[in-house]
Amino acid sequence: MFYMLKGDRGGQALLLLLSIAVVLVPVLNLVVPEGHALHVSTFTVTLLGKYLAFALLAVAVDLVWGYMGILSLGHGAFFALGGYAMGMYLMLQIGDRGVYGNPDLPDFMVFLNWQEVPWFWQGFDNFWFAMIMVALVPGLLAFVFGALAFRSRVTGVYLSIMTQALTYALMLAFFRNEMGFGGNNGLTDFKDILGFSLQSDSTRVALFIASAAALALGYLACRAIVVSRLGKVVVAIRDTEDRVRFIGYRVDHIKLAIFTFSAVLAGIAGALYVPQVGIINPGEFSPLRSIELVVWVAIGGRATLYGAVLGAFIVNYSKTYLTGAAPEVWLFALGALFVLVTLYLPNGLAGLSKKKEAAA
Amino acid sequence: MLSFVTKNRFLPVWLLGLCLLPALASATPPVGSDAFAQAVERLQVKSYKEREAAVAALISSQDERVKPVLEAMLNARLFYTKKDKITVIGIKTKDGFSITGVLDQKSLGNASKSQLKKIKVNNKLRRILRAGIAALTLSDPAPEVRLSAVKQMYGKLGNAGIQILTTHFETETDSKVREEIQTLLHIHDLSSDDRNTVLKAVAALSKSLHPEVRNKLELLKDSTDQEISAASGDALKHIQEQLAFYAKVKTAFFGLSLGSVLVLAAIGLAITFGVMGVINMAHGELIMLGAYTTYVIQQLMPQYIGMSLLVAIPAAFLVSGAVGILIERLVIRHLYGRPLETLLATFGISLILQQTVRTIFSPLNRSVETPQWMSGFLEINPALSLTYNRLYIILFCLLVFAVLFLVIKKTSLGLSVRAVSQNRAMARAMGIRASRVDALTFGLGSGIAGIAGVALSQITNVGPNMGQDYIIDSFMVVVFGGVGNLWGTLIGGFSLGIANKFMEPWAGAVLAKILVLVFIILFIQKRPRGLFPQKGRVN
Amino acid sequence: MSALAKIRETFRRDQVFDFVNKQDYSRVDTSHGQILYVEDVSVSFDGFKAINELNFYIEVGELRCMIGPNGAGKTTMMDIITGKTRPDQGSVWFGQNINLLKMTEPEIAQAGVGRKFQKPTVFEHHDIFENLEMAMAGNKGVWSTFRARLSSEQHDQIASVMEIIGLSDCAKQRAGALSHGQKQWLEIGMLLMQNPKLLLVDEPVAGMTHQEMDKTGELLTSLAGEHSVVVVEHDMDFVRSIAKKVSVLHQGSILAEGSMDEVQNNQRVIEVYLGE
Amino acid sequence: MKTKFMHMLGGVLFCLLLLPVQVYAKGDTIKIGVLHSLSGTMAISETTLKDTMLMLIEQQNKKGGLLGKKLEAVVVDPASDWPLFAEKTRELIAQEKVDAIFGCWTSVSRKSVLPVVEELNGLLFYPVQYEGEESSRNVFYTGAAPNQQAIPAVDYLMNEIEVKRWVLAGTDYVYPRTTNKILKSYLIAKGVDEKDIMINYTPFGHSDWQNIVADIKKFGSAGKKTAVVSTINGDANVPFYKELGNQGVSSEDIPVIAFSVGEEELSGMDTKPLVGHLAAWNYFMSVENKQNEEFINTWHDFIKDKKRTTNDPMEAHVIGFNMWVKAVEKAGTTDVDKVIDAMVGIEVPNLTGGTAKMLKNHHLTKPVLIGEIQEDGQFEVVWQTDAEVPGDAWSDYLEGSKDLVSDWTAPINCGNYNLKQKKCLAAK
């Protein structure tokens with residue numbers, strides 16, 4: 001069943017830890033009373049859930065960058081689109097509990113004097129429709145963008161800059177209030193999901209479990225691709241694209257498939273992220289954010305999927321820690337980390353352990 | 001000759017004073033030094049309304065001491081002593097003011113700030129003061145001064161004002177000033193009761209682009225008099241056509257100016273990214289360093305703001321260039337041939353530079369002053385005026401481009417740069433010290449970024465985040481123009497700027513920018529190597 | 001009028017749309033004995049004519065050597081045949097039924113044209129076995145590649161190719177670690193896995209020792225017959241050792257064609273090679 | 001080897017699990033959360049507020065603390081990242097157990113924090129002028145509501161400057177949009193023709209104002225006195241004013257009245273071309289009275305820089321903090337519910353010589369001051385309201401909200417009580 005994990009010690013460890021966490025965290029949060037030394041606070045649960053969503057995003061980026069060699073500086077866009085799809089569902093669940101008490105329209109639409117929910121919001125009150133959109137919208141965007149770019153063989157730096165332009169354009173668009181996505185404020189003040197209150201501990205634990213499961217499944221799926229012949233071809237494309245073409249593979253098709261799949265994963269990560277942090281706004285489209293998440297992968301170690309997970313956890317954890325403990329140092333630390341890792345750890349932290357293994 | 005003016009079109013206040021006076025003081029306005037003294041004393045009142053009246057009285061006193069008082073007031077240099085309530089003009093000294101009495105014009109020595117109370121002016125008063133000064137300068141010997149004085153009079157001209165202008169017109173010798181007064185008088189004639197006068201004025205003004213004319217004609221068009229209505233309709237149509245044309249010219253100028261900003265910001269990147277292949281995410285921060293250098297230079301020489309900008313250009317080049325060389329030596333040289341890796345490392349550097357600046361200069365924006373010669377505008381006609389700072393920046397941009405182009409094409413450094421960028425191993429084999437060339441090239445690109453920072457400090461914020469506003473645009477310009485091609489960057493920057501500005505009126509600023517981005521994305525699909533792809537053997 | 005003509009053209013009854021009448025790449029029709037037709041092909045880059053009305057034909061099973069000075073257009077010619085470069089004019093047919101100019105690189109490869117690059121290009125991060133596995137003929141769509149599992153026959157096939165190229169002993173070695181010559185062979189091995197009808201081999205013996213060269217020569221001659229082979233090479237000794245028929249390329253067109261001896265005695269060839 | 005690596009990985013993840021879980025013992029201090037961005041785009045404004053809070057807490061400790069305990073500031077950096085604001089709030093309340101949070105600047109950060117404060121029953125003091133249309137039991141709005149800034153400013157222009165034509169220019173986000181909406185209906189109610197109102201929105205950090213300033217100039221040349229009401233935010237202001245100056249639009253022709261430009265923003269601008277333009281605030285550094293002088297001196301001593309300015313949101317924090325201290329003393333505890341009840345009705349002197357009173361709707365009474373920009377980067381007050389204006393959460397000029405009131409005392413106890421329907425919309 002788990003043939004794809006053969007020889008992947010990092011992956012085995014990751015799945016093991018995830019399954020332990022899925023059992024342990026809920027117990028420690030819900031069963032162990034507050035004040036007990038082993039109690040895991042809801043704050044921590046949500047924080048971990050957020051990290052898991054980020055980790056899934058990092059895995060998605062690693063698949064296209066580490067394995068296929070496409071440095072996407074626009075994966076934040078797919079993440080945000082998935083997040084918006086989820087946010088729209090959550091927004092429509094608020095119903096008449098908004099400040100204006102309008103049962104049909106979210107607050108910001110009342111504020112903009114809109115009379116009815118615009119067409120592109122139709123259907124988002126249905127959870128399953130929204131979930132389909134979570135995958136479909138980022139997937140479709142990636143498909144269209146990729147189809148254009150890969151067919152005309154835009155590669156390397158050019159492609160990176162184009163993905164950056166893509167997310168930048170989307171950011172500007174979503175900032176506009178006329179777009180109908182809440183402008184700068186984005187979507188927030190969510191109340192419940194599938195009828196369960198987002199503020200209750202059990203919902204938060206459930207979201208945590210969902211994130212862990214999504215990360216595990218996403219990881220396995222990526223791993224399955226990586227170990228298949230397709231995975232080998234993907235790496236071959238990264239190394240020598242022409243050669244792959246001359247032995248008869250449709251490079252553009254393969255790139256498109258992987259890129260789209262990765263975008264869908266990013267969208268799912270976004271959908272898991274939004275209910276846990278409670279807000280989605282155009283800041284997620286910011287090009288700097290996309291660069292930052294590439295850096296998670298670089299620090300963790302590219303072309304090792306578990307490395308991406310590791311990187312996402314470490315960078316975000318140090319962000320959480322440092323922005324609380326030593327705010328002034330945070331940017332220095334992050335900046336120095338980028339420089340040092342690129343200079344001295346081209347294979348990231350995962351590369352470190354590999355080196356050790358090789359030495360042993 | 002084109003003239004520089006600060007525009008103001010309001011009623012000269014001495015005329016206003018003439019009309020208001022009966023209601024204000026006595027039936028016969030006091031004239032001469034008594035009136036002057038009274039008015040000066042009244043300036044000390046608390047309410048702005050009353051001070052307005054006092055200023056009016058001051059002007060109508062027609063005393064020759066009036067003008068310096070008005071000017072001092074306008075420049076916030078008019079005070080009264082707290083103790084004796086003597087109105088004085090203060091000149092700032094090291095630790096206070098050296099004051100001179102207004103009435104006797106005798107120096108009263110020095111006074112500290114706490115001994116004086118400023119006679120405050122507000123917006124409205126300032127307007128009145130300026131108009132008053134303008135009116136008093138109508139008899140100035142210099143024609144430029146007279147011209148600007150006349151230009152200040154656009155607006156509501158009372159009959160008395162017309163009288164005086166007409167009288168002045170007789171003696172006026174300068175053709176420019178005469179023309180201006182003529183227009184003014186014609187505008188007045190538009191509201192005349194005599195239809196012939198009106199018709200004559202409409203005919204005379206049918207080429208004038210002044211907004212006042214337009215407003216008046218707009219009213220006349222609805223006149224019941226068929227002939228007047230038709231004539232002003234025709235004139236208006238002609239004017240509108242002219243305006244539409246000049247609006248286009250103006251938009252083109254705006255586009256050029258935006259383009260020049262884009263080119264300036266991108267051109268350093270065209271070197272570091274285009275020629276060397278380094279995806280320099282710290283490029284924006286190098287621009288920022290240039291802007292901060294300008295700030296520091298201005299702090300060092302506060303007396304010479306005009307000069308400081310010129311000094312800042314080489315200084316910024318050196319500072320940013322040095323930082324660039326440092327970055328190259330410490331980080332980038334380990335990463336050649338791995339362009340995407342340079343992206344990550346330089347992104348880290350950009351964060352560090354930002355935070356460094358934030359630590360040294362605080363997160364607040366810094367104020368960089370605009371020197372006199374860069375403010376104001378060049379008036380070509382009432383419908384078209386080009387701002388000096390934009391004009392200078394366009395010229396500056398072209399100059400920087402030309403110099404850079406010559407450096408790359410004509411100097412031995414440029415030759416080495418091109419050699420190294422095309423074939424590193426071969427260049428090395430031919431005795432070019434590649435690592436030295438790399439460092440210098442990167443330094444050159446960074447230095448140019450610094451120079452761009454000097455220019456940008458004149459139109460936007462100088463703060464720790466300023467670099468981020470330009471980095472994406474810069475990359476777009478370079479990629480659009482074609483990596484490795486300086487001409488491409490120039491043409492690319494200007495065409496994007498112009499396209500943006502022509503779209504803005506109907507699409508709005510944001511949508512225009514989005515459309516430009518989408519256009520670039522699609523364009524790159526068609527021409528993956530940009531507008532002017534670098535030539536060379538493919539493979 | 002022209003619109004009407006267009007509509008008429010679209011609905012001509014003797015024609016069908018391209019998508020209905022897909023070219024059948026799997027079967028190349030060589031009933032006339034020729035496998036490659038290159039006719040009147042020209043291409044220029046920035047005004048420089050790299051290929052100038054080039055004409056030549058390759059017979060089924062033939063081993064043809066192409067020689068010519070630097071810049072004669074050899075690599076460009078290969079680029080055109082394999083779909084990397086589109087010519088400005090002319091036609092290139094694979095057999096009688098396949099128009100190569102309408103196809104993409106992968107389609108051409110799938111149709112049975114294999115190419116070895118001038119600089120040996122193998123997948124350096126993969127081992128030799130994987131390199132060959134990827135090159136293996138078969139359905140190369142995204143999904144089938146994802147689902148692909150090696151059958152025992154395929155295993156044997158890879159093993160036999162490894163045998164041919166003399167790399168059986170190091171199946172699990174990373175290709176990046178191979179010597180220059182070994183990489184050349186691996187690349188030829190990858191061509192064989194594709195099972196092509198026509199092999200285009202660009203400078204196969206560059207950087208090889210004499211021994212290796214001999215071995216390569218043997219390999220190429222043994223391939224001819226079953227496959228058609230076009231070899232572009234600088235090394236005259238090597239060409240002499242394998243070639244039956246030689247074409248000399250100069251300034252983008254064929255200068256001379258014939259046996260090695262004929263070509264060597266051709267006055268114009270001598271001029272070109274010895275300089276005017 | 002395998003186990004070793006597993007250990008390493010396991011160890012790392014285990015530490016991750018453990019670190020945030022440390023149990024913070026509730027000691028002898030009263031903790032105050034300071035939630036202002038110290039990095040990112042908003043650091044420019046918010047860092048000063050963090051320093052203000054540190055100063056106030058230090059001062060209070062010198063006076064002997066509160067309820068016999070020392071105050072302790074817990075400073076976090078939400079890094080101008082809105083989701084991070086929510087996360088940090090949760091951390092402050094749930095992990096650090098702070099008794100009150102002073103923080104946020106932008107509307108979106110407040111919106112992001114709001115659900116968390118309500119869920120965990122925290123206490124937030126929000127010090128910036130804002131768009132209204134919101135009221136929460138857990139939030140005290142110490143900045144101006146639209147009726148304490150925008151409306152009086154427009155009154156001033158209309159009555160004193162006799163402005164007839166209006167340009168409402170703002171950055172495209174909720175504060176300018178709401179303010180402009182309120183102003184538009186206010187102006188129309190005052191008889192201004194719709195043709196005489198021009199509304200324009202630009203994105204954040206807009207830097208190329210050539211077209212818009214040209215449009216404003218054109219709009220202003222129609223023969224009627226024109227003014228610009230600017231809700232342009234932060235960084236976009238510098239290029240905007242520069243362009244105005246360069247295109248020769250002086251404050252005497254077309255004055256600009258701004259709601260987001262204060263002393264601190266001016267310190268980063270070349271003020272020469274700005275002289276005479278206006279701003280409406282509830283506090284100016286130049287106001288002369290004893291409290292203010294004292295405050296400025298303390299600030300200069302604390303920050304060790306004589307040139308640093310003070311501004312309106314700082315005053316809001318001063319008022320908010322003093323009120324909270326009084327309320328805690330009155331309630332005798334820092335318990336959030338008791339403090340919230342104690343807050344209403346508390347009065348403290350403001351820095352402009354008047355008194356600020358906390359109203360039932362969690363807004364303050366504030367004087368409104370109109371100031372003209374001077375060359376030295378200070379404002380000179382040219383007009384002010386006779387008395388303090390009570391803040392109104394729900395604008396009387398907006399369709400959706402004119403029937404709403406906010407009252408957090410019994411018996412209404414509701415943030416959006418509809419006077420017509422006589423019911424609370426938020427009742428669940």
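Predicted model: local features only at pLDDT ≥ 70, side-chain atom pairs only at ≥ 80, totals over all residues.

**Notes on helix packing and contacts**

1. The crossing is right-handed. On the H19(B) side, the meeting residues are Val477(B), Val478(B), Phe480(B) and Gly481(B); H20(B) answers with Gly488(B), Thr489(B), Ile491(B), Gly492(B), Gly493(B) and Leu496(B). Sorted by class, this contact has 5 nonpolar and 5 polar residues, with no charged ones.

2. Staying with H19(B), the helix covers residues 466-481, 16 residues in total. From first C-alpha to last it reaches 23 Å, close to the expected 22 Å. Most of H19(B) is covered, with 14 of the 16 residues buried. Just after the helix, Gly482(B) adopts a positive phi of about 110°.

3. Over in chain A, please look at helix H5 (residues 127-151) and helix H10 (residues 251-277), whose axes lie 8 Å apart at an angle of about 150°. An angle over 145 degrees counts as roughly antiparallel, and H5(A) and H10(A) are therefore roughly antiparallel to each other. H5(A) passes H10(A) in a right-handed crossing. Among the residues making this contact are Val134(A), Pro138(A), Phe143(A) and Arg151(A) of H5(A), and Asp252(A), Lys255(A), Phe259(A) and Gly267(A) of H10(A). By class, the contact comprises 16 nonpolar, 4 polar and 3 charged residues.

4. Is Phe181(A) buried or exposed? Phe181(A) has 24 C-beta neighbours inside 10 Å, and 20 or more make a residue buried, so Phe181(A) counts as buried. This residue is found in the loop between H6 and strand S1 (187-188) of chain A. Leaving aside residues up to four places away in sequence, Phe181(A) touches Tyr84(A) and Phe174(A). As for Gly267(A), its C-alpha is 17 Å from that of Phe181(A), and the two residues are 86 apart along the chain.

5. Finally, the contact between chains A and D: which helices does chain A bring to it? The contact takes 44 residues from chain A and 46 from chain D. Helices H1 (9-31), H2 (42-67), H4 (107-111), H6 (156-175), H12 (305-325), H13 (330-344) and H14 (348-359) of chain A each supply at least two residues of the side that touches chain D. That side of chain A has 20 nonpolar, 18 polar and 6 charged residues.

Notes
Residues numbered from 1 in each chain as written. Chains lettered and ligands numbered in written order. Helix = DSSP H or I, 4+ residues; strand = E, 2+ residues; numbered from the N terminus. Expected span 1.5 Å × (residues − 1). Buried ≥ 20, exposed ≤ 12 C-beta atoms within 10 Å, placed from the backbone. Contact = placed C-beta atoms within 7 Å. Nonpolar A, V, L, I, M, F, W, Y, C, P; charged D, E, K, R; others polar. Axes fitted to C-alpha atoms, helices over the stretch in contact; angles between N-to-C directions. Parallel < 35°, antiparallel > 145°, perpendicular 65-115°, else oblique. Left-handed = near helix turned anticlockwise from the far one by under 90°.
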